[in-house]
Amino acid sequence: MKSSVIIFPGSNCDRDMDVALKKFGFKNQMVWHNDDEIPKSDLIVLPGGFSYGDYLRCGSIAGKSKIIKSVIDFANSGGLVLGICNGFQILTETGLLPGILQQNKYLNFICKNVFVKIKNKENKFFKDIKKEVLELHIAHNEGNYFCSNDELKSIEDNDQIAVTYCDQKGNDDEENNPNGALKNIAGVFSKNKNILGMMPHPERMIDQYLSGEDGSLFFENLIGSF
Amino acid sequence: MIEVNEKIAIEHGLKKDEYKKICDLLKRTPNITELGVFSAMWNEHCSYKSSKRHLKKLHTKGKQVIQGPGENAGVVDIDDNDAIVFKIESHNHPSFIEPYQGAATGVGGIMRDVFTMGARPIANLNSIHFGSPDHEKTRNLLRGVVKGIGGYGNCIGVPTIAGQTCFDESYNGNILVNAMTLGLVNKNKIFYSKAAGVNKPVIYVGSKTGRDGIHGASMASAIFDDKIEEKKPTVQVGDPFTEKLLLEACLELMAGKSIISIQDMGAAGLTSSSIEMASKGDLGIEIDLTKVPCREENMTPYEIMLSESQERMLIVLEEGKEKEAKKIFDKWNLDFAVIGKTTDSRNIELFFKNEKVAEIPIDFLAENAPMYDRKWIKSELPKKNSFSKDQFKSLKLGECLNKILQDPNISDKEWIWSQYDHTVMGDTIQRPGGDAGVVRVHGTNKAVAAAVDSSATYCNAHPLTGGKQVVCESWRNMISVGAKPIAITNCLNFGNPEKEKNMGEFVECVEGISEASKYLNYPVVSGNVSFYNETKDKGIKPTPSIGGIGLLANYKKMITMELKNNGNYLFVIGKTEGHLDQSVFARNILSKFEGPPPEVNLFNEKQNGLITLKLINNNLIETCHDVSLGGILTALSKMSIKGNKGINIFPINGLVNKFQYFFGEDQGRYIIEIKQENLENVEKILKNDSIHFDKLGLIEGNEISYGNDLKISIDDIKQGYKKWLSEYMVN
């Protein structure tokens with residue numbers, strides 16, 4: 001399976017993602033933001049980082065970048081697209097995913113392990129994961145998901161909520177909401193479930209020495225879903 | 001053009017006789033640009049004029065040392081052609097004036113020092129000191145500094161893996177922000193700042209030059225007064241995104257063979273970087289300031305030379321490689337300009353709009369810079385307090401413990417480090433909150449441990465002992481995670497060197513550092529000095545920060561401090577004599593502030609450390625934590641809280657009372673956790689080497705208990721330990 005990781009000049013989780021994809025069997029290639037097109041891929045990943053510095057609004061410039069047109073075309077033709085952290089922010093900027101990501105509720109950057117509950121397994125990203133709750137890792141300043149009431153109704157009706165913040169037992173209530181995200185939303189799908197954006201980093205939880213392996217379950221499922 | 005005279009020279013921070021020396025050397029009056037250059041090179045921050053003669057006494061050698069002090073950063077060998085480039089640097093003065101930008105650019109500056117040498121930064125650390133929590137400025141300064149450190153490091157994508165935070169009223173008017181970076185480099189591909197060859201193109205890359213930070217280095221060499229707010233414009237403004245571009249572009253260029261020398265523009269900007277490269281290469285340098293990319297209009301030669309705009313580098317290239325190099329910087333959207341060339345004149349010659357605007361022999365600026373042998377006084381070792389039984393009579397162990405765990409200098413600092421990305425790059429195997437941060441050397445079995453320590457209270461009580469102690473503490477932190485200590489970097493934060501007491505503190509701390517690092521083969525390979533941490537005649541406590549690094553040949557042998565399993569035993573290695581003077585207990589519970597710091601016995605320190613490392617390497621122990629501030633009971637509590645397990649502490653025997661035993665801050669001690677099956681073996685090894693140890697207790701239940709004297713649940717102590725800082729920050 002071929003994957004492509006897009007590198008924006010301020011991406012900083014590109015290598016981590018490359019390591020993770022290769023570890024679980026993807027033939028991964030890195031694609032520079034100024035390239036005209038993306039090589040033939042089964043999966044495109046927008047990694048975490050600060051794409052173009054994010055001084056304006058996270059992901060806003062990346063959402064208008066040269067390479068992004070190819071990403072949009074690929075996604076619209078049903079290709080699998082994954083955006084992690086800044087990648088999620090970029091996907092909302094392009095309109096490929098609904099909603100926006102605001103600054104965290106307590107206005108601080110948060111770096112810590114969190115639990116997320118898988119809300120929908122009828123898609124390639126989560127279908128064969130045996131667990132209901134995964135321990136992943138967040139590291140962001142703007143991960144506070146928000147959308148209008150109409151949008152919320154629409155994403156709920158379409159089962160587009162992918163993962164929600166919760167505790168070890170899966171309680172996705174306010175007490176277990178690290179950043180103020182609406183309905184504890186940590187990740188959402190596109191309508192067709194071929195695009196996933198989420199704030200937690202599965203690529204940081206891929207071996208026991210990095211204090212967690214639930215990220216491995218995510219990638220194992222992903223490579224297995226093709 | 002401004003006429004230069006003595007008054008103007010003094011406004012530039014020069015002393016009367018220094019100005020006279022300039023005129024004598026030049027045999028004429030300098031023009032304003034030249035005066036600016038002299039003032040930038042001759043201030044304390046750049047010239048080390050008060051400290052140089054003492055820094056020579058530091059122990060800087062060892063088999064592991066590839067590059068000692070004197071370069072952008074130190075370099076040590078970690079086998080297999082890998083080397084670690086690392087350094088710590090202060091950004092104290094700017095951080096007090098503008099905490100966010102001051103701290104952010106401190107992080108940016110130290111990272112540039114490291115990648116200038118060809119290394120990719122793999123970890124950041126910091127040591128930050130603030131005034132009393134009750135002081136009106138402390139909360140905002142802390143918030144700003146933490147945001148600044150995070151804002152810069154998080155954006156670049158280098159994990160912040162460890163740090164240290166202290167509160168003490170001596171920092172009310174002068175906070176300390178010391179930033180440290182480690183980078184990984186192939187030991188055959190290290191880049192140095194020494195230029196070589198005549199007529200080689202001098203290249204400017206990175207951000208454009210603006211008016212920010214002019215005279216930053218002079219500001220960092222001055223004491224503060226009431227008008228400190230007016231100095232805000234001398235604080236640089238950071239742009240981490242540009243630094244990320246600069247990092248990637250430089251590493252890309254370094255992969256080729258076109259660079260002769262490279263130097264980041266840090267303190268005193270273009271002035272110090274150009275002069276340093278030429279001086280080290282015994283060359284001259286010619287710069288056309290008209291070609292320097294400027295952000296603002298009508299900048300004068302004076303302003304261009306003294307700007308401390310961030311994210312800029314100066315490179316001496318091989319001839320004919322300009323095009324190839326420019327292509328890389330174009331790709332990363334960075335400025336690239338050929339601004340001059342190396343010459344054989346041994347002068348710095350500056351041109352602006354086709355006119356020569358300055359010409360100074362490089363020697364005058366570097367070798368002939370003033371050197372002072374400042375007067376200093378020796379500190380006497382204070383007399384020991386004798387504590388009477390009555391003083392302990394009404395005290396309860398549990399109450400004392402709770403109070404100590406909520407002491408600002410002991411309590412949990414998660415509020416701080418959770419704002420730093422500590423896991424990016426995917427190799428952080430020990431996160432902040434332990435004895436040291438540990439990152440793997442990417443793609444290998446090796447890992448590097450790093451920690452920063454300072455002990456201003458001990459240094460203040462007796463600088464010589466304090467200097468030794470802080471090196472030992474750093475060494476213990478390496479051992480405690482299973483790393484072999486390799487080398488240190490020191491950031492020497494002191495008051496006004498023109499005062500004999502402050503100068504004495506500096507001299508004796510350096511002596512202590514030197515003695516301990518020599519004995520432990522833990523050499524100093526880089527560092528910086530920050531003097532004049534003084535406001536309105538009140539200086540800080542002497543605060544040398546020691547950044548240590550250690551190597552784990554096999555990262556799977558790394559060890560952590562949280563208790564692992566019920567039924568395992570706890571030992572304390574090292575002798576407990578119950579030294580309470582200068583301890584947290586003495587200050588916080590007994591309100592005793594006098595007395596000597598705990599004695600440092602280097603022989604025991606080394607023996608105890610090496611044996612602990614041996615136990616770890618032989619897989620004989622499950623957990624290790626060194627005993628430091630707050631003594632044994634504080635250490636045990638932290639281990640309990642992190643591992644969520646209780647301890648049944650065995651009765652102590654010996655001559656000291658329980659408060660002295662549990663809260664004394666004797667040095668050279670480690671608490672270790674041992675499985676039943678390994679007990680015999682561990683005891684044998686310790687006895688064979690005549691290492692003193694006490695059997696401390698058994699892991700069980702969810703309480704810490706000591707006979708009838710102490711019974712306290714983990715949840716209770718956890719609450720106090722965890723809440724102090726977060727509650728302080730929201731109030």
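Colleague: Which residues have the most contacts inside the largest nonpolar core?
Modeller: This is a predicted model, in which local features need pLDDT of at least 70, side-chain atom pairs count only at pLDDT 80 or more, and totals for chains, interfaces and linings use all residues. Residues are numbered from 1 along each chain as its sequence is written, while chains are lettered from A and ligands numbered from 1 in the order in which they are written. A nonpolar core is a set of buried Ala, Val, Leu, Ile, Met, Phe, Trp, Tyr and Cys residues joined through C-beta atoms within 7 Å. The largest one has 293 residues, and those with the most contacts inside it are B:Val448, B:Ala449 and B:Ala450.

Colleague: Is B:Lys280 exposed, partly exposed or buried?
Modeller: A residue is buried if 20 or more other C-beta atoms, placed from the backbone, lie within 10 Å of its own, exposed if 12 or fewer, and partly exposed in between. B:Lys280 lies in helix 11 (residues 269-280) of chain B, where helices (H or I, at least four residues) and strands (E, at least two) are DSSP runs numbered from the N terminus. Because 19 other C-beta atoms lie within 10 Å, B:Lys280 counts as partly exposed.

Colleague: Which residues is B:Lys280 in contact with, leaving aside its neighbours within four places in sequence?
Modeller: Two residues are in contact if their C-beta atoms, placed from the backbone, lie within 7 Å. With those neighbours left aside, the partners of B:Lys280 are B:Ser193, B:Lys194 and B:Ala195.

Colleague: What is the radius of gyration of chain B?
Modeller: The secondary structure of chain B comes to 26 helices and 28 strands. The radius is taken over C-alpha atoms, and the globule rule is 2.2 Å times the number of residues to the power 0.38. For 731 residues that rule gives 27 Å, and chain B is close to this, so it is as compact as a globular protein of that length, with a radius of gyration of 26 Å.

Colleague: Which element gives the largest share of the side of chain A that touches chain B?
Modeller: In this interface, 20 residues of chain A are in contact with 21 residues of chain B. Helix 1 (14-23), strand 6 (110-118) and strand 7 (133-140) of chain A each give two or more residues to the chain A side. The largest share, three residues, comes from strand 6 of chain A.

Colleague: How wide is the arc covered by the buried residues of helix 2 of chain A?
Modeller: In helix 2 (residues 68-76) of chain A, the residues A:Ile68, A:Val71, A:Phe74 and A:Ala75 are buried. The arc is that of the directions from the helix axis to the C-beta atoms. These residues lie on the same side of helix 2 of chain A, because they cover an arc of only 120°.
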